[in-house]
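Opening the notebook on a new model today.

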Amino acid sequence: MYWTKKHVMMCTSQHCNQRGAMDVLGRLRREVFRRGLDTEIMVNNCGTIDLCDIGPNMVIYPDNVIYGGLTAADLPDILAYLQGGPVVERLLLQPRSNFEGKRRDFYTGMLSNNVNNEGAALELAKSHDLDDVFFEEQFRRGFMARKPIEGSDQMRIHPTKKALTRYGLLDAGNRADDF
Ligand code: FES
């Protein structure tokens, strides 16, 4: 990196913004400045990072850390982390975190139950505590796709290779060329 030791990017796109991202970002910027950390920590906003249902979200480079579900009350812990403190585990996106676990379980359920119509998939998502925002985002961001059913005006849906790769499901039984 150039002069920065860390670069914080806070998503301020629609869904994160509706949940207070601008407020969190503003407070963080002020506090980074007040503590004199702006000499080595850069704080910016950014567009969506494809985790719209769990925002407000923040990415920190070069740490490869993503924090989700942020509120202003989390800022003391975030600031402590930026100053060399421990990772804030409760906010951290990781394979076994609550956020990612629900997503992975949803995709696992789609595959193991052969769910390929939209209504059933949405119900399955909701049974994993994932909302409509999550569901729509999966299509927009290429984690799920719609395919016409031959000889019908119906569509079937399926997880894409991108989703299967992300959730470690591209293994025996889930052939990559199906997706
Ligand atoms: S709106 Fe923030 S991750 Fe999509």
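Helices (H or I, at least four residues) and strands (E, at least two) are DSSP runs, numbered from the N terminus.

**Ground rules.** I am working on a predicted model, where local features need pLDDT of at least 70 and side-chain atom pairs count only at pLDDT 80 or more, while totals for chains, interfaces and linings use all residues. Residue numbers start from 1 along each chain as its sequence is written, and side-chain values use heavy atoms, with hydrogens and water left out.

**Entry 1, H3.** I looked up which residues of H3 are buried, and got Leu75, Ile78, Leu79, Tyr81 and Leu82. They sit on the same side of H3, because their arc around the axis is only 155 degrees; the arc is that of the directions from the helix axis to the C-beta atoms.

I checked the length of helix H2 (residues 21-34) next. Its 14 residues should span 20 Å at 1.5 Å a residue, and the end C-alpha atoms are 20 Å apart, so the two agree. The expected span is 1.5 Å times one less than the number of residues.

The buried residues here are Ala21, Val24, Leu25, Gly26, Leu28, Glu31 and Val32. I note that Glu31 is on that list. Their packing partners are strand E1 (6-11), helix H1 (14-18), strand E2 (41-46), strand E3 (58-61) and helix H3 (75-82). H2 also has a glycine after it: Gly36, phi positive and near 75 degrees.

I stepped back and counted seven helices and six strands. Along the sequence they run β-α-α-β-β-β-α-α-α-α-β-β-α. The C-alpha atoms fill a box of roughly 65 × 30 × 30 Å along the principal axes.

How much of the protein is buried? I get 43% of the 179 residues. Of the contacts with a separation of 6 or more, 54% are between residues 24 or more positions apart. Accessible surface is about 9,600 Å², and carbon and sulfur atoms own 50% of that; the areas come from the Shrake-Rupley method with a 1.4 Å probe, and for residues only the protein chains shown count as cover.

For charges, I have 23 positive and 24 negative side chains, with the centres of the two sets 4 Å apart. Lys and Arg count as positive, Asp and Glu as negative, and His and the chain ends are not counted. Each charge is placed at NZ of Lys, CZ of Arg, CG of Asp or CD of Glu.

I found a cis bond from Gly55 to Pro56, omega near -5 degrees, and Pro56 is in the loop between E2 and E3. Tyr61 and Pro62 are also joined by a cis peptide bond, omega about 5 degrees; Pro62 is in the loop between E3 and E4.

Asn64 is in the loop between E3 and E4, and its phi is positive, near 60 degrees. Is Asn64 buried or exposed? I log it as exposed, at 63% relative accessibility.

Asn114 has a positive phi too, near 50 degrees, in the loop between helix H4 (98-112) and helix H5 (118-127). Asn114 is exposed at 64%. Asn113, in the loop between H4 and H5, is exposed at 53%.

His15 is in helix H1 and is buried, at 17% relative accessible area. Leaving aside neighbours within four places in sequence, His15 touches Cys52, Val133 and Arg140.

Arg103 is in helix H4. I list Arg103 as buried because its relative accessibility is 1%. With neighbours within four places again left aside, Arg103 is in contact with Leu51, Asp53, Ile54, Leu130, Phe134, Gln138 and Tyr167.

Key
Buried means under 20% relative accessible area, exposed over 50%, partly exposed in between (1.4 Å probe, protein chains only). Contact means heavy atoms within 4.5 Å.
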